[in-house]
Amino acid sequence: MERLIRKAAEMICTSKLNIALTGAGISVDSGIPDFRSAGGLWSKYDPADYATITAFRQNPEKVWDMLREMDALVSQAKPNAAHIGMGDLEKMGYLHCIITQNVDNLHQAGGARNVIEYHGNSSTLSCLWCGRQYQAKEKRAERIPRCECRRVLKPDVIFFGEPIPVEALNRSFQLAASAEALMVVGTSAVVSPANTIPSIAKDRGARIIEVNLERTHLTGTITDVFLQGKAGEIITALVEEVRQTLGPPR
Ligand code: APR
């Protein structure tokens, strides 16, 4: 593994533009389960019944059963070594932008400033009827959070069947097309359009560094360096390698 960490660090330090794509796996060490691992959220809640905009419109009270469970975990979660390490990498000038599928705000809490949120952010709620917006924490005591107009509020996260914010899409595709290195951390890369980022980057010559507990469909195909293990441990070792041997802060 040391040899691979060194190889990945060298890629990062010799690339003019480094970006990252992250998924739920990076937040597992912060106490938030991922979706598709054994025991993940989708093993308990069928996404067809809980994670589509149609399901929310038809039965918002039922969807809030899952949302409340997630909100309880996210509201207590702290950034782990992986979030903090990526924030350090950004401060050192070796990570230009993080494209995340997560809605837990932990990259920002971990010090990263340049974060593109593909699936929104769970810290605010909106009314689909009158458009009023609320902080999630001010509605946490309500079992089913309601707007002043009495309709059920929806977290500002992207459900299946909703479009990814256009600004997020455009910026991420531009960055992927010009990146020289892409770190793919803690994602099964099965959900579109986020999962097109690695192939866009690869097609334009970027080197792909994958950090995951297990192999994914990227591993045997477009990944150049596969660092298998927990994101917290690997990112910490990677940042140390960048700091120690290959690159003074830019
Ligand atoms: N360190 C590194 N990788 C990990 C860790 C860890 N500690 N724990 C889990 N993983 C890996 C898993 O092996 C898996 O490959 O993270 C990946 C998580 O994959 P998913 O659960 O599918 O999560 P993600 O890829 O983010 O899902 C994408 O699907 O349901 C939607 O909107 C949801 O944003 C989510 C999207």
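Mentor: What follows covers the ligand site and then the domain interface.

Mentor: This is a predicted model, where local features need pLDDT of at least 70 and side-chain atom pairs count only at pLDDT 80 or more, while totals for chains, interfaces and linings use all residues. Residues are numbered from 1 along each chain as its sequence is written, and side-chain values use heavy atoms, with hydrogens and water left out.

Trainee: How many residues surround the ligand, and which are the closest?

Mentor: The ligand is surrounded by 23 residues, counting a residue if one of its heavy atoms lies within 4 Å. Ala24, Phe35, Arg36, Thr187 and Ser188 are the closest.

Trainee: What is the shell like by class?

Mentor: Eight nonpolar, 10 polar and five charged residues. Here Ala, Val, Leu, Ile, Met, Phe, Trp, Tyr, Cys and Pro count as nonpolar, Asp, Glu, Lys and Arg as charged, and the others, Gly among them, as polar.

Trainee: Switching to domains: what is the assignment?

Mentor: Domain 1 is 1-32 + 79-119 + 164-250 and domain 2 is 34-76 + 122-157, with bounds from an automatic or database domain assignment. Each of the two gives at least three residues to the ligand shell. Their C-alpha centres are 27 Å apart.

Trainee: How many residues are in contact between them?

Mentor: 11 residues of domain 1 and nine of domain 2, contact being heavy atoms within 4.5 Å.

Trainee: What area do they bury?

Mentor: About 810 Å², with 65% of it on carbon and sulfur atoms; this is the accessible area (1.4 Å probe) lost on putting the two parts together, summed over both. Of the area domain 1 buries against domain 2, Ala24, Ile32 and Val103 supply 47%, more than any other three residues.
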